[in-house]
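Here are my notes for your first look through this one. Have the viewer open and follow the points in order.

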Amino acid sequence: MNPILVLLCVIALGLLVGRVSFRGISLGTSAILFVALLAGHYGWTIPTGFGTLGLALFVYCVGISAGPTFFRGLASHGRAMAITGSVIVLTGVAVTWTCARLLGLPAELAGGLMAGAMTSTPALGAITQSSSDPAAVAVGFGVAYPIGIIAVVLFVQIAIKLFAKSGDSDGTDSASETSGQSSAEIAESDSIGRRVVRIANPVVSGKRPSEIVAFADSPCQMSRVQREGRWRPTPPDYQFEIGDDVMLVGGASEIRRVSETLGELQDTAEPVVDADRERRYVVVTSPEIYGRTLKELRLRSNYGVTIVRVQRHDVEFVPSARTRIEFGDGLVAVGEPDALAKIANAVGHRPRTVNETDLLSLVAGIVLGIFVGNLSLQIGEFSMSLGIAGGPLMVGLILGHFRRLGPIRGSYPPAAMLLMTEGGLALFLADAGLNAGANVVEVLMERGVMLCVAAAAIAIIPLLVGFAGSRCLGGRTLWQSLGATCGGMTSTPGLAVLTGATDSSQPATSYVAAYPVALVLITVAAPWLVELIG
């Protein structure tokens with residue numbers, strides 16, 4: 001059969017198998033590897049080079065996606081979650097090394113087991129490119145990957161049931177922890193809404209909203225003030241006065257917290273506002289806007305508008321003053337019509353720009369990543385290099401963080417990013433599986449049970465260590481701990497179970513803080529582990 005046709009058939013069949021869901025669990029794009037292993041067993045082949053190109057494209061896009069949160073997470077309140085992710089990865093490395101020594105596993109097979117048990121396809125790529133036996137790596141990954149998915153999903157479900165029954169399903173804030181709210185009530189309280197607050201605290205009288213500490217870190221915004229019986233957008237020079245009625249936008253728990261500083265929360269129906277003329281949805285494409293926080297931009301003072309919501313990657317949330325605006329963010333701005341026109345021009349509201357993919361930047365970024373990956377650092381007799389996986393990943397992280405380095409852009413439309421990431425991963429998995437398929441049956445017959453035991457240990461022990469450390473030592477809530485644990489295991493199915501169990505934003509934000517650090521760490525550490533075992 002034509003090799004190109006074989007490649008396309010393996011990818012198509014793998015994607016179809018990946019869509020099959022059992023109790024909400026599916027293999028997704030990783031199912032291509034299992035179809036490719038079977039095809040390789042029967043002697044099918046594809047042209048060389050596709051796997052390497054796919055891997056470079058995949059890890060580069062992963063770096064671009066993780067860049068905006070990776071470095072900032074290390075230097076912000078997400079540091080605790082990042083530490084949890086790091087502890088999980090390092091524990092997985094230690095368990096893998098121990099299993100390889102105790103069970104006499106070859107280094108490449110052990111490395112593949114770790115990548116699979118921790119559901120990390122970038123780690124699989126990094127080990128494959130630096131290994132002398134890539135077929136063994138793919139076999140180990142194929143054995144451990146389903147075990148890793150099932151272990152995380154079951155662990156999350158069991159933890160929710162155990163701690164929810166004990167009343168330890170704390171959701172969003174200290175008030176919910178002490179009030180005895182159920183997880184369902186907490187989830188409902190996190191939905192975004194508008195409430196009226198009457199100013200009654202003399203301490204805030206005469207101050208501007210930006211001067212109130214309660215607004216600094218809170219995802220809650222003051223969008224309007226009542227004047228002469230009408231709700232008007234908050235003026236740039238507004239100062240609180242006793243008796244003023246103001247409108248807050250945010251989750252119910254955050255609104256309650258801010259209202260305690262301002263005055264009295266009013267039990268009135270949601271106010272009627274002029275949304276057609278005084279609210280506008282704008283898309284960020286201007287380099288003068290993205291990469292800066294709302295506090296730095298001072299949009300209310302400079303333009304007379306308030307950003308009440310941000311839409312990013314199909315997720316809508318209320319920003320705080322510390323929220324950093326990213327390229328392609330959709331902003332819901334509230335202000336007078338002339339102010340809205342100004343802010344639209346300032347943020348670069350050009351939908352076509354958001355949908356354009358700079359192919360020259362893409363190619364240049366990957367070339368630069370491959371060049372960096374080929375550089376080697378000699379320390380005594382030990383030579384170290386990032387390889388075809390680590391180099392593009394690091395360059396992607398840097399470009400994703402700064403968004404632009406000279407003429408090379410580090411941002412792409414979400415749809416293009418998804419296509420490039422999934423397409424690169426599909427090419428790599430098809431190549432790895434087809435090359436490993438010839439030996440898969442022999443390896444499984446010789447070490448099948450042993451591999452399953454090792455994979456289970458590599459998946460379960462880091463889970464327990466990461467969760468226990470976050471809960472007992474870090475003092476995090478249940479949702480924060482489980483979100484960070486799923487991030488440390490780079491497990492999207494685990495996060496899906498969490499988000500299905502609660503509407504709280506804590507699982508997602510904790511996952512986002514832990515995931516990039518774990519992803520980068522395991523990608524860099526995996527090839528070194530193989531060398532250490534070998």
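1. Start at R230, which is partly exposed at 31% relative accessibility; here buried means under 20% relative accessible area, exposed over 50%, and partly exposed in between, with a 1.4 Å probe and protein chains only as cover. The side chain of R230 meets that of E278 in a salt bridge, 2.6 Å from N to O, a salt bridge being a side-chain nitrogen of Lys or Arg within 4 Å of a carboxyl oxygen of Asp or Glu. R230 belongs to strand β3 and E278 to helix α12, so the pair ties together parts that are 48 residues apart in sequence.

2. Before going on, some ground rules. This is a predicted model, in which local features need pLDDT of at least 70 and side-chain atom pairs count only at pLDDT 80 or more, while totals for chains, interfaces and linings use all residues. Residues are numbered from 1 along each chain as its sequence is written, and side-chain values use heavy atoms, with hydrogens and water left out. Helices (H or I, at least four residues) and strands (E, at least two) are DSSP runs, numbered from the N terminus.

3. How many salt bridges are there by this rule? The count comes to seven. One of the bridges joins R195 and D267, with the closest N and O atoms 3.7 Å apart. R195 sits in strand β1 and D267 in the loop between β5 and α12 (275-278), so this pair ties together parts that are 72 residues apart in sequence. R195 is partly exposed at 28% relative accessibility, and D267 is exposed, at 77%.

4. Another salt bridge to click on is R227 with D244, at 3.6 Å from N to O. R227 is in strand β2 and D244 in the loop between β3 and β4, so parts that are 17 residues apart in sequence are tied together. For R227 the relative accessibility is 35%, which counts as partly exposed, whereas D244 is buried at 9%.

5. Now look at the sheet. Five strands form an open sheet in the order β3-β2-β4-β1-β5, with antiparallel pairing; two strands pair if DSSP finds at least two bridges between them. Which strands stand at the edges? They are β3 (230-233) and β5 (263-265), each with a single partner strand, so one side of each is left without a neighbour in the sheet. From one strand to the next, the twist averages 35°.

6. β1 and β4 run antiparallel and are joined by seven bridges, and I192 has G251 in β4 as its bridge partner. β2 and β4 are also antiparallel, over five bridges, with Q221 partnered by V249 in β4. Between β1 (residues 192-199) and β5 there are three bridges, and R198 stands opposite E264 in β5.

7. Is β4 mostly covered or uncovered? It is mostly covered, with seven of its seven residues buried. Helix α11 (residues 252-262) lies across β1, β2 (220-227), β4 (245-251) and β5 and runs at about 145° to β4. Such angles run from 0 to 180 degrees between N-to-C directions, with axes fitted to C-alpha atoms, for helices over the stretch in contact.

8. S120, in the loop between α5 (107-117) and α6 (121-130), is buried with a relative accessible area of 1%. S120 touches A115, F141, T490 and I522, leaving aside residues up to four places away in sequence; contact means heavy atoms within 4.5 Å. Y42, in the loop between α2 (31-41) and α3 (50-74), counts as exposed at 61%.

9. Last, the whole chain. The chain has 23 helices and 13 strands, and 53% of its 534 residues count as buried. Of the contacts between residues at least 6 apart in sequence, 79% join residues at least 24 apart.
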